[in-house]
Amino acid sequence: MNKENLLHIENLSVWIGERNLLKNVSLAVASGEIHILMGPNGSGKSSLAYAVLGHPEYPVHSGLIRFKGEDILHYSPEERAKKGLFLALQEPPEVGGVSMGTFLTTIRSTDAGADSDSGVRHALPKLGLEESFLRRFLNEGFSGGEKKKSEMLQLVVRRPQLAILDEIDSGVDVDSLDALVELIRECAGRGTGILLISHSSELCQRLKPDRTHILIDGTIAASGGNELAERVLREGYGNFSKSAV
């Protein structure tokens, strides 16, 4: 069965002032595929996520970003989200006065493709959360792991066509990591393309992604399978060349 090509990034370069954050980055994610993007701190992983979602502080200097074959560079972040893109932030903001439950209900009312309430009821126990979690204000006073679980609940409800998850496993305990892996696989099984940014070789080994990419100094240094995560675990990033494989 041929998978629909969702995200196609070609020769993408991003500059902020004199800093060249991304240098001719190319990769593609199809529907139902899971890709992991790994690399040391400051290599440009989050910059790539922001550029794809249209963050105004990460302007594209050159290259293409296509979603389902359409050039989306001229679309605002809100328009890209409406078209089916989703970003789970590395540091989600706190929103006082808006409960998790109200926020998820708002997502359902504004997104025609959103899941019913059953999706949250399914995800809550998997993530080790009580229903009282839905009465808490969005990310306010949440631990790092709780913020990541909040992002996963939003992903479950949104059911986007493409999800970029920026260090969704950060601060999450071992049991919850297994739940994240299961929920990510379920999303991919429904056709969502996943681009997951992570430092964790363990997550990569558990998730068994379709593709693994190593980003070094703003350049894709290598792309392959689980063997790349295993190599990172053995050697670190120092031995990866800056020429794509």
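The dialogue below reads a helix pair, a sheet and a helix face in a predicted model.

Q: At what angle do helix H4 and helix H5 pack, and how far apart are their axes?
A: Two packed helices are described by the angle between their axes and the distance between the axes. Here H4 (residues 117-126) and H5 (residues 144-158) pack at about 150°, with axes 9 Å apart. Their crossing is right-handed.

Q: Which residues in H4 and H5 meet?
A: From H4 come Gly119, Val120, Ala123 and Leu124; from H5, Leu153, Val156 and Val157. By class, the residues of this contact are six nonpolar, one polar and no charged.

Q: What is the strand order of the open sheet of four strands?
A: Strands of a sheet pair through backbone hydrogen bonds, either parallel or antiparallel. In this sheet the order is E2-E1-E4-E5 and the pairing is antiparallel. Strand E2 (19-30) and strand E5 (70-71) are the edges, each pairing on one side only. E1 (residues 5-16) pairs with E2 over eight bridges, and Leu12 has Val25 in E2 as its bridge partner. Helix H1 (residues 45-53) packs on the sheet, where it touches E1, E2 and strand E4 (60-67). The direction of H1 makes about 110° with that of E1.

Q: Which residues of helix H8 are buried?
A: An α-helix has 3.6 residues a turn, so residues three or four places apart point the same way. In H8 (residues 226-235), Leu228, Ala229 and Val232 are buried. They line one face of the helix, because their directions seen down the axis of H8 fall within an arc of 100°. Leu233 and Arg234, on the other side of H8, are exposed.

Q: What covers the buried residues of H8?
A: The cover includes strand E3 (34-38), helix H7 (201-207), strand E11 (211-216) and strand E12 (219-224).

Notes:
Residues are numbered from 1 along each chain as its sequence is written. This is a predicted model: local features need pLDDT of at least 70, side-chain atom pairs count only at pLDDT 80 or more; totals for chains, interfaces and linings use all residues. Side-chain values use heavy atoms; hydrogens and water are left out. Axes are lines fitted to C-alpha atoms, for helices over the stretch in contact, and angles run from 0 to 180 degrees between N-to-C directions. Helices (H or I, at least four residues) and strands (E, at least two) are DSSP runs, numbered from the N terminus. A crossing is left-handed if the near helix is turned anticlockwise from the far one by less than a right angle, and right-handed if clockwise. Contact means heavy atoms within 4.5 Å. Ala, Val, Leu, Ile, Met, Phe, Trp, Tyr, Cys and Pro count as nonpolar, Asp, Glu, Lys and Arg as charged, and the others, Gly among them, as polar. Two strands pair if DSSP finds at least two bridges between them. Buried means under 20% relative accessible area, exposed over 50%, partly exposed in between (1.4 Å probe, protein chains only). The arc is that of the directions from the helix axis to the C-beta atoms.
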